[in-house]
Amino acid sequence: MTDTDPAPAAQADPWPAPLASGPVDASVTVPGSKSVTNRALVLAALASEPGRLRRPLRSRDTLLMADALRAMGVGIDVVPDGSTGADATGEVWRVVPAGLRGPATVDVGNAGTVMRFLPPVACLADGPVRFDGDPRSHQRPLHGVIDALRALGARIDDAGRGALPLTVNGVGALDGGPVEVDASSSSQFVSALLLSAPRFDQGVEVRHTGAVLPSLPHIRMTVEMLRLAGASVDTPQAGEPDVWRVAPGALLGRDLTIEPDLSNAQPFLAAALVTGGRVTIPDWPEHTTQPGAALREIFTEMGGSCELTEQGLTFTGSGRVHGIDVDLGDVGELTPGIAAVAALADSESVLRGVAHLRLHETDRLAALTKEINGLGGDVTETEDGLRIRPRPLHSGVFHTYDDHRLATAAAVIGLVVDGVRVENVATTAKTLPGFPALWTDMLAGGRTAAVPAVPASSGSA
Ligand SMILES: O=C(O)C1=C[C@@H](OP(=O)(O)O)[C@@H](O)[C@H](O)C1
Ligand SMILES: C=C(OP(=O)(O)O)C(=O)O
């Protein structure tokens with residue numbers, strides 16, 4: 001097992017998605033949030049003292065982030081939890097900040113958070129940091145981060161591509177100050193500039209100039225986590241929309257427990273919806289900036305009800321699945337899972353506000369259209385989303401295009417459509433390693449925890 005390979009159990013490829021024999025009834029412990037884990041790693045690496053992450057997500061995207069920070073000199077190790085028995089919280093990563101080093105090389109894989117959040121960090125290294133990743137990473141938008149960093153004083157060699165691969169020539173500091181960015185293709189441009197800004201000489205003032213700004217909850221997550229780390233952040237006000245300011249200053253080392261990944265809870269909640277069953281997700285946070293929180297409302301409208309108790313969030317399907325007309329601009333990463341449910345509904349759905357999904361792990365709008373239609377569906381792409389007219393679906397191979405959310409969406413359809421086979425289900429390791437086992441445990445009424453046991457001795461994350 002390498003640091004970037006969480007070694008999921010080998011699966012048949014294509015993987016025969018299990019058919020539900022009746023309504024599911026299970027409690028599923030979902031691993032930590034990718035978005036929270038990778039922000040926590042960056043903020044801990046930039047802090048002025050060591051910090052800890054409890055229940056971090058151990059997946060391809062987060063291990064790539066940890067490896068990249070380590071390559072720049074940061075210490076990241078698995079340490080014993082310190083608590084025992086029922087109090088044990090799972091894996092703990094200790095992050096020990098250090099003077100950031102270059103030369104270094106960073107493999108971003110296909111992780112938006114790594115490719116966007118780390119070039120600003122690399123500006124603070126004392127030498128060149130080379131970034132490259134999967135072929136798809138060369139196509140995903142990065143120009144907003146590159147142009148903004150240059151405007152703030154950075155030297156970046158990208159051979160005029162405005163994309164990966166590139167080298168950030170770190171000199172140990174960055175001026176910072178006011179900068180404009182068009183983040184209409186990814187909110188991560190804004191998050192990236194804000195996260196490192198406490199360490200820029202003048203902090204930063206980011207002004208978004210584009211017509212739309214997707215994934216606002218993820219920007220709120222950035223702001224909230226910066227503040228938790230002691231940063232001073234001003235957020236957009238009436239009369240001054242789309243402007244964020246971060247003051248320069250030291251960041252604190254925190255002891256942070258990572259919330260479960262609510263977007264990865266989606267397929268399990270969808271299972272309750274499409275089978276008319278019941279699924280509980282323990283540790284569902286009462287307050288969260290994760291976009292997955294919107295599932296409570298969206299899936300309720302599509303045919304069920306949910307209740308937040310001490311046990312977690314329980315979603316109960318009504319036995320009917322309704323179509324929905326919804327703007328998913330704030331919560332774009334939920335689109336594949338909602339499209340899967342919509343394909344099984346009793347009426348048409350229109351999913352809007354997600355044109356930027358064409359530049360995600362794959363072109364998600366094209367991929368969902370092709371693959372659902374390949375099973376007999378009737379999906380058409382619109383300018384900014386999908387129109388889904390439910391049809392009786394049949395067996396077939398569902399291709400996933402190296403996209404974790406395509407794979408989990410296919411599994412949802414496979415619960416009620418016999419003979420769905422998911423090509424490359426292993427791609428779920430990007431954010432949810434062990435997905436097939438969690439899925440079959442759920443169908444067996446599982447109560448199994450996905451959180452890895454605390455290792456007996458310390459070691460590298
Ligand atoms: O900042 C983050 O953690 C994320 C922001 C969103 O990106 P986009 O704004 O590019 O959609 C989201 O889709 C992605 O999964 C995670
Ligand atoms: C868009 C996603 O990921 P990334 O962080 O690579 O942008 C996603 O997880 O749905």
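## Backbone points in loops

Pro103 is found in the loop between β5 (92-96) and β6 (104-107), where strands (E, at least two residues) and helices (H or I, at least four residues) are DSSP runs numbered from the N terminus. The peptide bond that joins Gly102 to Pro103 is cis, with omega about 0 degrees. A cis peptide bond also joins Asp13 and Pro14, again with omega about 0 degrees. Pro14 has its place in the segment before β1 (15-16).

Asp242 is not a glycine, yet has a positive phi of about 60 degrees. This residue belongs to the loop between β12 (233-234) and β13 (243-246).

## Basis of the model

This is a predicted model, in which local features need pLDDT of at least 70 and side-chain atom pairs count only at pLDDT 80 or more, while totals for chains, interfaces and linings use all residues. Residues are numbered from 1 along each chain as its sequence is written, chains are lettered from A and ligands numbered from 1 in the order in which they are written, and side-chain values use heavy atoms, with hydrogens and water left out.

## Surroundings of ligand 1

Ligand 1 is surrounded by 13 residues, and the closest are Ser35, Arg39, Ser186, Ser187 and Glu333; a residue is near a molecule if one of its heavy atoms lies within 4 Å of it. The shell divides into one nonpolar, nine polar and three charged residues. In this division Ala, Val, Leu, Ile, Met, Phe, Trp, Tyr, Cys and Pro count as nonpolar, Asp, Glu, Lys and Arg as charged, and the others, Gly among them, as polar. α1 (34-45) and α3 each supply at least two residues of this shell, and the largest share, three residues, comes from α1. Domain 1 (15-32 + 263-443) and domain 2 (34-257) each give at least three residues to the shell around ligand 1; the domain bounds come from an automatic or database domain assignment.

Several side chains make polar contacts (pairs of N or O atoms within 3.5 Å) with ligand 1. A polar side-chain atom of Glu333 is 2.4 Å from an oxygen atom of ligand 1. For Arg39 the corresponding distance is 2.7 Å, and for Ser215 it is 3.0 Å. On its own ligand 1 has 380 Å² of accessible area, of which the protein covers 96%; areas come from the Shrake-Rupley method with a 1.4 Å probe. Ligand 1 sits in the largest cavity. A cavity is a set of points, on a 1 Å grid over the protein atoms alone, where a 1.4 Å probe fits but cannot get out, and a molecule sits in it if more than half of its atoms lie within 2 Å of its grid points.

## Surroundings of ligand 2

Around ligand 2 there are 14 residues, with Lys34, Gly112, Arg140, Arg405 and Lys430 the closest. The shell is made up of one nonpolar, six polar and seven charged residues. Because domain 1 and domain 2 both give residues to this shell, ligand 2 lies between them.

The side chain of Arg405 has a polar atom 2.6 Å from an oxygen atom of ligand 2, and a polar side-chain atom of Arg364 lies 3.0 Å from an oxygen atom of ligand 2. Gly112 takes part through its backbone, with a polar atom 2.7 Å from an oxygen atom of the ligand. Taken alone, ligand 2 exposes 300 Å², and the protein buries 97% of that. The elements that give two or more residues to its shell are α3 (112-122) and α11 (404-414). The space that ligand 2 takes is the largest cavity.

Definitions and conventions
A polar contact is a pair of N or O atoms within 3.5 Å; within protein, one must be able to donate a hydrogen and the other to accept it, and residues adjacent in sequence count only if both atoms are side-chain atoms. On a 1 Å grid over the protein atoms alone, a cavity is a set of points where a 1.4 Å probe fits but cannot get out, and a pocket is an open set with protein on both sides within 12 Å along at least five of seven lines; lining residues have an atom within 4 Å of a point.
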